[in-house]
Amino acid sequence: MEFSRRDTLALGLGAAAMTVLPFRVNAASEDAITEFTGGADVAEGGVTLTAPEIAENGNTVPITVSAEGASAVMVLAMGNPTPGVATFNFGPLAGSQTASTRIRLAGTQEVVAIAKLADGSFARASSEVKVTIGGCGG
Amino acid sequence: MASGVRPRVKAPRSAEAGEVVTIKTLISHKMESGQRKDSDGNVIPRSIIHRFTCDFNGTNVIDVKMEPAISTNPYFEFEAKIPEAGDMVFTWHDDDGSVYTETKSVAMA
Amino acid sequence: MKFNAMTAMAAVLFSVPGLVSADPDDDTLVVNGEIEMTTKAEPPAHLDGVLPTIMSGWHFRADETQALQMDDFDNSGMIFVDEGRAQWNKVEGSEGKSCATCHEDPSSMKGVRATYPKWDETAGEVQTVAMQVNDCRENNMGADPYGYTSGQMANMEALIAVQSRGMPVDVAIDGPARDMWEAGKELYYTRTGQLELSCANCHEDNYGNMIRADHLSQGQINGFPTYRLKNAKLNTVHARFKGCVRDTRAETFKPGSDDFVALELYVASRGNGLSVEGPSVRN
């Protein structure tokens, strides 16, 4: 291998850059939460958000939200160009306040679920999802 | 009306009165987010399904407001309570005004 | 800078900290609680021991992705099987026929996907499923052929593949298909492109390792056409081959070309014994 010191450094930095993927946060995402809650306090717990730790591909990421007795659960992708993902409104014939779907994530970021519970209060759960830039096939 | 839109729903053919069943729904739809650009650099306008509902005999089970971050070929899994025999009606509302529907009848076991 | 592309790639691949070499897992794939898939098998004799076990691409995917293939209502590829069924019943072409006119129900296609690509005596060549479909369309239906890697072709391939789900792949490598098979094998082991990579460099020498953030599989095609999360649609074998060749920064072959048909025959034979999974779900 014929690397000059400059070459090795450039390669090393390049490799390091690949692993430290930018963590995205969208400024508008907190506004979206305030709009949903009307400014009320949001407690931790009371809602669960299941999402993979590492998304196999950011284009299709399976998630599940669950909040017992909730009337609605809003999901936000805090680092997407637009944070809104979905709002699940549970009707009288919902068998449970649980729903699963598949979402698009633009990069590594926090996914947040805010539930409006039966008593009118709000609860929050979040999950950090790493979104990688793939190899040959990805 | 977007072309080639096809729903695919898993719902039980029968259930006991009051039983909670799992429903899975898929629909083929591009869900153009409005973030992509064409080869000339122009933004491809957003064109998504923005709402999905499921009702049983006219009573709502779930009503989902959908944003562009929902993946292409939207998928939903949720649970429904079946009080009696009847029809489960699914609707998907497209930005272009179309509404796609699918109905599944559920009998009493 | 005085280094060639190979050393650069080697340096980058091995210098990235924190990415653990992730081995394929031991999970079992049962679809709809019924269809037991053989996703690991004894390698076929012709491989001469280069692979200790042959494994479906399913094993190299994350748990969440694997789960998507376990139920036909979680598997987004199945909407396209439904689409294929609509195409199957559609009357097209000068003869006023649909596929159903001669073939009746799609279930008549059982066993087809498992044995293709295959030597066709009448046509005097090795044919892939796509070639056979277009052969029928043009000669029996008087209809326009589907684009080789078009959505419509993928839908039809998915409909046909599903009929053989669970059956072991069993393509013939001897007899009249032998020459094509040898040509495919040679292609598989030939380094091409700016990155000077052959299929074997990744899929035989490095399966189970990470290439950047992608978990390298053995490059089996028993699961094709496959629904990829990356482009949220069905992908055909030749479309994937083209992508792979392009990724080595080589001039790609054309889908439907003899080169790719030969390669498809050879790659399919590397999976002899694995179950047909199409349509599968991959990244």
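User: Which element gives the most to the lining of the second largest pocket?

Analyst: In this predicted model, α10(C) gives the most to that lining, with five residues. The other elements that give two or more residues to the lining of the second largest pocket are α8 (178–188), α9 (199–203), β8 (214–215), β9 (226–228), α11 (258–270) and β11 (280–282), and they too belong to chain C, while α10 covers 237–247.

User: How many residues line the second largest pocket, and which lie nearest its centre?

Analyst: The lining holds 39 residues, and those that lie nearest the centre are C:H203, C:S217, C:G219, C:R240 and C:C244. The space in the second largest pocket is about 780 Å³, and its lining divides by class into 17 nonpolar, 16 polar and six charged residues.

User: What lines the largest cavity?

Analyst: The lining of the largest cavity comes to 21 residues, with C:R113, C:V129, C:E157, C:V237 and C:E264 nearest its centre. Of the elements of chain C, α6, α10 and α11 each supply at least two residues of this lining, and α11(C) gives the most, with three residues. By class, the lining of the largest cavity has 12 nonpolar, six polar and three charged residues.

User: Which residues line the second largest cavity?

Analyst: The lining of the second largest cavity consists of A:P52, A:I54, A:A55, A:E56, A:T60, A:V61 and A:P62, together with C:A62, C:E64, C:T65, C:L68 and C:L229. Eight of the lining residues are nonpolar, two are polar and two are charged.

User: Why is α6(C) called roughly perpendicular to α7(C)?

Analyst: Helix α6 (residues 129–141) of chain C and helix α7 (residues 151–162) of chain C pack at an angle of about 110°, with axes 10 Å apart. Angles of 65 to 115 degrees count as roughly perpendicular, and therefore α6(C) is roughly perpendicular to α7(C). By class, the contact of α6(C) with α7(C) has six nonpolar, one polar and one charged residues.

User: How do you know which residues of α6(C) meet α7(C)?

Analyst: Contact means heavy atoms within 4.5 Å. Under that cut-off C:V129, C:A130, C:V133 and C:N134 in α6(C) meet C:M153, C:M156, C:E157 and C:I160 in α7(C).

User: How much area is buried between chain A and chain B?

Analyst: Chain A and chain B bury about 2200 Å² between them, of which carbon and sulfur atoms give 51%. The contact takes 26 residues from chain A and 29 residues from chain B. A:L93, A:R102 and A:R104 supply 34% of the area that chain A buries against chain B, more than any other three residues.

User: What makes up the contact of chain B with chain C?

Analyst: Here 13 residues of chain B are in contact with 14 residues of chain C. The area buried between these two chains is about 1200 Å², and carbon and sulfur atoms give 51% of that area. From chain B, the residues B:R6, B:R8 and B:L26 supply 52% of what chain B buries against chain C, more than any other three residues.

User: Which kinds of element make up chain B, and what does its C-alpha trace span?

Analyst: The secondary structure of chain B comes to zero helices and eight strands. Its C-alpha trace spans about 60 × 20 × 20 Å along the principal axes.

Note on methods. Residues numbered from 1 in each chain as written. Chains lettered and ligands numbered in written order. Predicted model: local features only at pLDDT ≥ 70, side-chain atom pairs only at ≥ 80, totals over all residues. Heavy atoms only, no water. Axes fitted to C-alpha atoms, helices over the stretch in contact; angles between N-to-C directions. Helix = DSSP H or I, 4+ residues; strand = E, 2+ residues; numbered from the N terminus. Parallel < 35°, antiparallel > 145°, perpendicular 65-115°, else oblique. Nonpolar A, V, L, I, M, F, W, Y, C, P; charged D, E, K, R; others polar. 1 Å grid on protein atoms, 1.4 Å probe; cavity = no way out; pocket = protein on both sides within 12 Å on 5 of 7 lines; lining within 4 Å. Points joined across faces, edges and corners; volume = space filled by probe spheres on them. Buried area = accessible area lost by both parts, 1.4 Å probe.
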